[in-house]
Amino acid sequence: MKIALIARCKNEMQNLKDWLINKNFCDLIFITDNESTDGSFEFLKKQENVIVTPVKGFDEGRDFQILLSKAREYKVDWVFKFDCDEFV
């Protein structure tokens, strides 16, 4: 079974390292990054099993569709949605 997580990001660098460790139960993580200026996008691009898509402007519906399309493309079985400051 393949588990994925979807999230939207803007300037979350202060949380991302711990957040990714916290989400180690996921096989793949799909993120839209909305023009972060704190290094979030560059950091995420370097991470294993993280697929980050740059977007401009906040459009939750658009971002959700982008992220779900990625999950379908990678044929995941389960999708969880978290904010980049939410921990389990």
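In the predicted model, Lys23 lies over the face of Phe87, at 5.0 Å from the ring centre, and Lys23 also lies over the face of Phe82, at 4.8 Å from the ring centre. Phe82 in turn belongs to one aromatic cluster together with Phe25 and Phe80.

Three aromatic pairs are found in a search of the whole structure. One of them joins Phe25 and Phe80 in an edge-to-face arrangement, with 5.9 Å centre to centre and 85° between the planes; this pair connects distant parts of the chain, since Phe25 is in the loop between α1 and β2 and Phe80 is in strand β4 (residues 78–81), 55 residues apart. Phe25 counts as partly exposed because its relative accessibility is 33%, and Phe80 is likewise partly exposed, at 33%. Another pair, formed by Phe30 and Tyr74, is tilted, with 5.4 Å centre to centre and 50° between the planes, and links strand β2 to the loop between α3 (60–73) and β4 across 44 residues. Within this pair, Phe30 is buried at a relative accessible area of 0%, whereas Tyr74 is partly exposed at 32%.

Strand β1 (residues 3–9) runs parallel to β2 and is joined to it by six bridges, Cys9 having Asp33 as its bridge partner in β2. A parallel pairing over six bridges also connects β2 with strand β3 (residues 50–55), where Val55 is the bridge partner of Asn34. The crossover from β2 through helix α2 (residues 40–45) to β3 is right-handed, and β1, helix α1 (residues 13–22) and β2 likewise make a right-handed β-α-β unit.

Methods: Residues numbered from 1 in each chain as written. Predicted model: local features only at pLDDT ≥ 70, side-chain atom pairs only at ≥ 80, totals over all residues. Heavy atoms only, no water. Pairing = 2+ DSSP bridges. Helix = DSSP H or I, 4+ residues; strand = E, 2+ residues; numbered from the N terminus. Right-handed = clockwise from strand over helix to strand, strands pointing away. Phe/Tyr/Trp six-rings, centres within 6.5 Å; stacked < 30°, edge-to-face > 60°. Buried < 20%, exposed > 50% of the residue type's maximum accessible area, 1.4 Å probe, protein only. Lys NZ or Arg CZ within 6 Å of the ring centre and 35° of its normal.
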